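Morning, everyone. Let's take a quick walk through one model, with an eye on its charged side chains.

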Amino acid sequence: MFWHFREPVMITEGKMQYLFDERGRRYLDAFAGIVTVSVGHCHPEVVAAVNRQNSLLQHTTTIYLNNEIAEYAKELADKMPGDLKVVYFVDSGSEANDMALMLARAHTGNYDMITLRNGYHGMSPETMGLCGQHTWKQPIPQGFGVRHAMNPDPYRGPFGNDGQKYAADVADLITGATSGQIAGFIAETIQGVGGAVQLADGYLPAVYQLVREHGGVCIADEVQTGFGRTGSAFWGFQNAGVMPDIVTMAKGIGNGLPLAAVVTTPQIAASLAKRI
């Protein structure tokens with residue numbers, strides 16, 4: 001078994017901002033289960049809502065209608081700008097990014113995806129290929145059609161905070177490593193697992209324009225930056241002044257429950273209607 005600590009910590013209880021180990025020792029939780037617990041451990045309102053739903057209906061299938069799913073989808077869509085109005089609920093961030101990848105390829109009819117070195121998008125076979133860190137890659141077939149662009153790190157990158165120069169690398173990658181027509185671009189608006197790295201100023205607007213010029217859609221991975229985690233903006237991409245075509249989210253959406261979502265436009269969503 002892999003241990004993160006020389007002396008492993010066993011957590012047995014949580015109350016709002018505190019965690020407790022098996023000896024009753026209290027810890028102030030500044031980690032929030034890897035930025036997952038948004039409103040505190042065992043928040044009484046969350047616990048009450050979960051218990052209420054469990055006593056009414058635990059599971060059915062999406063071939064039936066359910067008012068709770070529809071009402072929450074409407075509330076979530078109301079938090080999205082522009083035409084991002086179609087919501088798919090899934091179980092994890094990896095699954096959300098898997099679906100975003102499928103949507104991009106189905107909608108555009110193209111295959112190649114552009115993503116970033118140092119980025120993280122999950123541990124499923126598909127999303128592992130999107131990751132730009134060897135730490136999260138197993139020695140298995142992965143990353144088919146995925147091209148990794150230079151990381152626009154304003155602190156350690158070769159071009160400092162010049163987003164336009166990093167965007168030029170994306171242009172070179174599209175013309176040199178793809179057919180010239182791509183399925184899309186996916187990036188975290190602030191890299192989480194890679195060390196809370198903000199992207200260079202002006203990078204996302206320039207890259208979004210490039211991607212669309214080459215037939216692709218733009219995906220914002222908001223698994224760690226969504227739901228107000230970056231401060232004044234509800235979504236991380238709003239800080240960069242861009243409008244994605246697909247947004248993925250998890251972690252904070254469920255406060256620890258296995259919940260995630262993909263939000264996109266009706267036009268892109270229609271690409272799946274031929275099959276499901």
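A term to start: buried means under 20% relative accessible area, exposed means over 50%, and partly exposed is in between, with a 1.4 Å probe and protein chains only. This is a predicted model: local features need pLDDT of at least 70, side-chain atom pairs count only at pLDDT 80 or more, and totals for chains, interfaces and linings use all residues. Residues are numbered from 1 along each chain as its sequence is written, and side-chain values use heavy atoms, leaving out hydrogens and water.

Now, how many salt bridges does the structure hold? Six. Here a salt bridge is a side-chain nitrogen of Lys or Arg within 4 Å of a carboxyl oxygen of Asp or Glu.

Take K74 and D78. Their side chains meet in a salt bridge, 2.8 Å from N to O. Both sit in helix α3, residues 67-78, four residues apart, so about one helical turn separates them. Helices here are DSSP runs of H or I, at least four residues, and strands are runs of E, at least two, numbered from the N terminus. K74 is exposed at 51%. D78 is partly exposed at 48%.

Next, D245 and R212. Their closest N and O atoms are 3.2 Å apart. D245 lies in the loop between α8 (237-240) and β11 (246-249), and R212 in helix α7 (203-213), so the pair ties together parts 33 residues apart in sequence. D245 is buried, at 16%. R212 is partly exposed, at 37%.

Last, R156 and D153. This salt bridge spans 3.4 Å, N to O. R156 is exposed at 66%, while D153 is buried at 6%.
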